[in-house]
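Look over the sequence and the model first. Questions and answers follow.

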Amino acid sequence: MKGVRLIPVAKLAVGDGPLVARMITPEQFQALLPLACAWAEEQERIILRDGLPLTAPQIADAKRIGITHPERVRLRVVDEIPLPDNPMLRRAAEMTGLISPLTAGLTLRYGIFIQSDSWGERRLVVHELAHVAQYERFGGFRSFLEQYLHECITIGYPEAPLEQEAKQIENELCR
Ligand SMILES: [Zn+2]
């Protein structure tokens, strides 16, 4: 995922890893993970149903990033990235800073939400495509989300290594 970084208030939405780690115990994390996976899968279904396929230049970027199945990716423009209905999951998404009103993009395997103000930004799509490649590398929702969310809770978003990797790819492709 990617937040809007140029607006100072965005700092408020960025999770403090160690603080969040104190608020979400390992037991709670294990309880949250299947809920997060189910929510992510449901969102992907919606995006794959309603979203747009990648354009030719976006497919070229997807291939540069190493995505195996660029043809499966869909982009869905939304006024705001949706939050989960489940109160526990919703609170975790807000606490980690993963989803806020300022979130510009969110990737659920092959489904990518793009916030309408950021529609058309190559850099954002490249960033989210880097996350698609990570989902493929990890082999699916459960294994990717377990690692990614664990990093966001213990290290913090945006310092999480998987987040840093996506930023690095973004910087390499969009100089
Ligand atoms: Zn990201």
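**Strand pairing and helix packing**

V78 stands opposite Q115 in β5. This is a predicted model, where local features need pLDDT of at least 70, side-chain atom pairs count only at pLDDT 80 or more, and totals for chains, interfaces and linings use all residues. Residues are numbered from 1 along each chain as its sequence is written.

Q: How do β3 and strand β5 (residues 111-115) run, parallel or antiparallel?
A: Strands are DSSP runs (E, at least two residues), numbered from the N terminus. Two of them pair if DSSP finds at least two bridges between them. Five bridges join β3 to β5, and the two run parallel.

Q: Are α2 and α6 parallel or oblique?
A: Helix α2 (residues 26-50) packs on helix α6 (residues 141-156) at about 125°, with axes 10 Å apart. Angles under 35 degrees count as roughly parallel, over 145 as roughly antiparallel, 65 to 115 as roughly perpendicular and the rest as oblique. Therefore α2 is, relative to α6, oblique.

Q: What share of the residues of the chain count as buried?
A: A residue is buried if 20 or more other C-beta atoms, placed from the backbone, lie within 10 Å of its own. The chain has 175 residues. The buried share is 39%.

Methods
Axes are lines fitted to C-alpha atoms, for helices over the stretch in contact, and angles run from 0 to 180 degrees between N-to-C directions. Helices (H or I, at least four residues) and strands (E, at least two) are DSSP runs, numbered from the N terminus. A residue is buried if 20 or more other C-beta atoms lie within 10 Å of its own, exposed if 12 or fewer, and partly exposed in between; C-beta atoms are placed from the backbone.
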